[in-house]
Amino acid sequence: MSDGSLSLPARLCLLAWDTMGREVSGATRMPQLVRAGALTELAQRGLLTDDEGIATPADLDSETGDPVLDGLLELVRESRPHRWRTWVTLRARITVEAVREQLTADGYLRAEKRRVLGVFPTVEYVLEREAAVEALRTAAREVLLGPVPVVEVSERDAAVVALAAAAEPRILLPGRDRVVPEERVEALAGRCGAAVPVLRTVVREARTAMAAASVAE
């Protein structure tokens, strides 16, 4: 997939944008999806482990060098123990806002200051690199639908597509007649190395969180 240097949460955030520069209709669920990506990447890097369903830091000192991932890792370390389900949603907007700021600094997004009702200041983000996002989405669809054999898909690409397809399929398969290839998604989840048990847990919990958010839309 393109932009392989981007973190999993950054790629999931970009996939949730359309090429006209506006967020998809499932934007209210983006924080949970992005947080799920961050948890999965930390697990893939061996910095978060599973202890009987509890997301547990492997140690108290390691860092990734990515401020978004390190910020979440610090939050987990400083908080009382929680299950993966809790971390998919708990203060998830902190992670998605950090990802947006990171993508703005890297030139993928542009921040615009506005006022709600002419009074309350807010920041809206506009997509700047439409071609890069479209290339990312095309590559993700190819991973999801083939023809690349699952065994040839990298662990990082498999994690991105498994999370996106299982938790928020519309960002990969737009339109009403989308059919998610469940066996392919399960096979991709199985390509995620040491994070396989964690990813499957996060996917399950992310689906629950997305369903709850859908009711609120």
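In which helix does Thr95 lie? Thr95 lies in helix α5 (residues 92–105); helices (H or I, at least four residues) and strands (E, at least two) are DSSP runs, numbered from the N terminus. The model is predicted, so local features need pLDDT of at least 70 and side-chain atom pairs pLDDT 80 or more, while totals for chains, interfaces and linings use all residues. Residues are numbered from 1 along each chain as its sequence is written, and side-chain values use heavy atoms, without hydrogens and water.

Thr95 is buried, with a relative accessible area of 4%. Buried means under 20% relative accessible area, exposed over 50%, and partly exposed in between (1.4 Å probe, protein chains only). Leaving aside neighbours within four places in sequence, Thr95 contacts Val34, Arg35, Ala38, Val68 and Leu72. Contact means heavy atoms within 4.5 Å.

Nonpolar side chains tend to be buried together in soluble globular proteins. Here, the largest nonpolar core has 68 residues. Such a core is a set of buried Ala, Val, Leu, Ile, Met, Phe, Trp, Tyr and Cys residues joined through side-chain atoms within 4.5 Å. Helix α7 (residues 155–167) gives the most to this core, with 10 residues. Val202 is among the residues with the most contacts inside the core. Not counting residues up to four places away in sequence, Val202 touches Ala36, Leu39, Thr40, Trp84, Val88 and Leu163.

The charged end of Arg129 sits over the ring of Tyr108, 4.1 Å from its centre. The rule requires NZ of Lys or CZ of Arg within 6 Å of the ring centre and within 35 degrees of the ring normal.
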